[in-house]
Amino acid sequence: MLISLATSNILDASVGPSSTSYSLTRLGKRFLSTRNHGYVNDFLDLFWNISPQALLDKAIEDQKENFMLETGGGAPSEAFISAMQGQTSFAAQVLTRVMPFETVHHMVDVGGGSGTLAIQACSNNDHISASVYELPGVVPITEKYIMNANLTNRIKVVPGNMFEDEYYPEADAYAFGNVLHDWPDKVNMGLLAKAYKSLPSNGTVIILEMLIAEDIVSTTQAAAGLNLVMVTNEQGRQYKASDLEKMLSDVVFVDTVVYKSN
């Protein structure tokens, strides 16, 4: 395990005559130190004890489970929300800095969990406000994150169900941060169609996902690994940019743009 972490630039290895010592690299400190915003320890803890064979066994259709909902007995647990916050936070920081938000005044973070996408959008764009649209059982968890970010005056939590409600809460932009990868294509088409129906003219949909490379073989290890987690623990998968562009086009969205965090 230590060798794998060293070859992945997570650990530095100092080889001596009789022993080898390891220390965190700058990259390792960035994502594993609990002092840093967006650390991923909670996300790793969810899957640390799952063996490769167990993942393969669970990939069989009749053994699939919805890990997200099982963690909280029908709704995401606080531990799961914390894990997803760590997974999403860094990409949300980058996306909300490079994407133009000039035309966005109020954004709804659909199924936003900790609200990290809404929090980063408001932190990096002073003119906007946001709502996090989540299941009633998740609302108190989300409110803690917003309070810790000192953004209670600009971000509210709206209870609801993105599958069952006819419309999303009113906004001129809907954001899906690591949401679509949990669900089958048909379900995602329904979520995007509901966004289209809920938006005013010239509204915006924002999708944050870790992308599979168009040629497959250039996919990062992180994206390939997350895809395996989605296939085995949820009902979805990681997408190529072209997959998402086609889904948006099929719903009649236009002018799609891909922003990459790297």
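Good morning. Gly 113 is found in the loop between strand S3 (106-110) and helix H7 (116-124); helices (H or I, at least four residues) and strands (E, at least two) are DSSP runs, numbered from the N terminus. This is a predicted model, in which local features need pLDDT of at least 70 and side-chain atom pairs count only at pLDDT 80 or more, while totals for chains, interfaces and linings use all residues. Residues are numbered from 1 along each chain as its sequence is written, and side-chain values use heavy atoms, with hydrogens and water left out.

Is Gly 113 buried or exposed? With a relative accessibility of 8%, Gly 113 counts as buried (under 20% relative accessible area; exposed is over 50%, partly exposed in between, with a 1.4 Å probe and protein chains only). Leaving aside neighbours within four places in sequence, Gly 113 is in contact (heavy atoms within 4.5 Å) with Ile 81, Val 132, Glu 134, Val 138 and Thr 142. The C-alpha atoms of Gly 113 and Thr 142 are 6.2 Å apart, although 29 residues separate the two along the chain.

Thr 142 leads us to helix H8 (residues 139-148), whose buried residues are Val 139, Ile 141, Thr 142, Tyr 145 and Ile 146. Seen down the axis of H8, these fall within an arc of 160 degrees, so they line one face of the helix; the arc is that of the directions from the helix axis to the C-beta atoms. The face turned away from the buried side carries the exposed residues Met 147 and Asn 148. The buried residues of H8 pack against helix H6 (78-98), H7, strand S4 (129-134) and strand S5 (155-159). After H8 comes Asn 150, with a positive phi near 60 degrees.
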